[in-house]
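Open the model in your viewer and keep the sequence panel beside it.

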Amino acid sequence: PDDEKLMTEPTLIIDDDATFNAVLVRTLERRGHPARGAADPAAALALASEFRPARVVLDLNLKAPFFLTQALNGALKAAASHEQPAKVINIASIDGISVNPQETYSYHASKSGLIYLTRRMAATLIEDSINVTGIAPGAFASEMNRVARDQGDQIAKRIPSRRIGRDEDMAAAAIYLASRAGDYVVGETIAVDGGVALATLGGL
């Protein structure tokens, strides 16, 4: 019954922490979790803070590419033609293709979502000669991927190509998609990972 009631209530736009916290407290109360809900709203707000980093990741990796493309749609459409399409290249991750051992739930979800968002936007925007594609990098040395940066030799042993990525690997993929060579590529996300996501044997 509660689920049916929730489905019939007006849709809320949860775009700030206060609204998010209020909805979370109300939901916990309805679900009968007094320890984290009605009897202890402070604990419920603490729980909300646990979700906040995940929301930031989703905002950055999933919402931002969508709204940026939406904002630039007019300029892209004006510059595009059937013979020379405009290009949108999203940067996803192989974590959106396969699961790694790290418990980076929001990152996995956001990058997987971006890959499917790329396909969905491509299906619409190709009508205006705008090609939407993506790149899914693997292990590259960076501030975010400090393991690849600081333990590159060890990481390389687990990669089919036996090395971590180099700057020119990403540059080459981006140039390919952005150039005339990639004009007939639509909706595809290219894994640039030395074979981790698509050329690693699984099974027991």
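Begin by selecting helix H4. Its buried residues are Ser106, Tyr107, His108, Ser110, Lys111, Leu114, Ile115, Leu117, Thr118, Met121, Ala122 and Leu125. Buried here means under 20% relative accessible area, exposed means over 50%, and partly exposed lies in between, with a 1.4 Å probe and protein chains only. H4 covers residues 105-125, 21 residues in total, and spans 30 Å from its first C-alpha to its last, close to the 30 Å expected at 1.5 Å a residue. The expected span is 1.5 Å times one less than the number of residues in the helix. Helices (H or I, at least four residues) and strands (E, at least two) are DSSP runs, numbered from the N terminus.

Before moving on, note what is on screen. This is a predicted model, in which local features need pLDDT of at least 70 and side-chain atom pairs count only at pLDDT 80 or more, while totals for chains, interfaces and linings use all residues. Residues are numbered from 1 along each chain as its sequence is written, and side-chain values use heavy atoms, with hydrogens and water left out.

Now show the whole chain as a cartoon. It has seven helices and three strands, which follow the pattern α-α-α-β-α-β-α-α-α-β along the sequence. Of the 204 residues in the chain, 34% are buried. Among contacts (heavy atoms within 4.5 Å) between residues at least 6 apart in sequence, 65% join residues at least 24 apart.

Next, select the three strands. They form an open sheet in the order E1-E2-E3, with parallel pairing. Two strands count as paired if DSSP finds at least two bridges between them. Strand E1 (86-91) and E3 are the edge strands, each pairing on one side only. Neighbouring strands of this sheet are turned by 25° against each other on average, direction ignored. Axes are lines fitted to C-alpha atoms, for helices over the stretch in contact, and angles run from 0 to 180 degrees between N-to-C directions.

Zoom in on E1 and strand E2 (residues 130-137), which pair in the parallel sense over six bridges. In E2, Ile135 is the bridge partner of Ile91.

Select Ser93, in the loop between E1 and H4. Is Ser93 buried or exposed? Ser93 counts as buried because its relative accessibility is 5%. Leaving aside neighbours within four places in sequence, Ser93 is in contact with Tyr107, Lys111, Ile115, Ile135, Ala136 and Pro137. Tyr107, Lys111 and Ile115 are among the buried residues of H4. The Ser93 side chain also reaches the backbone nitrogen of Asp95 at 3.0 Å.

Move to Ser129, in the loop between H4 and E2. Ser129 is buried, with a relative accessible area of 7%. Its phi is near 60°, a positive value in a residue other than glycine.

From Ser129, go to Asp183. The two C-alpha atoms are separated by 9.7 Å, although the residues are 54 apart along the chain. Asp183 lies in the loop between helix H7 (167-178) and strand E3 (189-192). Asp183 is buried, at 14% relative accessible area. Which side chain makes a polar contact with the side chain of Asp183? That of Lys87, at 2.8 Å. A polar contact is a pair of N or O atoms within 3.5 Å; within protein, one must be able to donate a hydrogen and the other to accept it, and residues adjacent in sequence count only if both atoms are side-chain atoms. Not counting residues up to four places away in sequence, Asp183 touches Glu83, Pro85, Lys87 and Asn131.

Finish at Arg162, in the loop between helix H6 (152-156) and H7. The phi of Arg162 is near 60°, a positive value in a residue other than glycine. Arg162 counts as exposed, at 55% relative accessibility.
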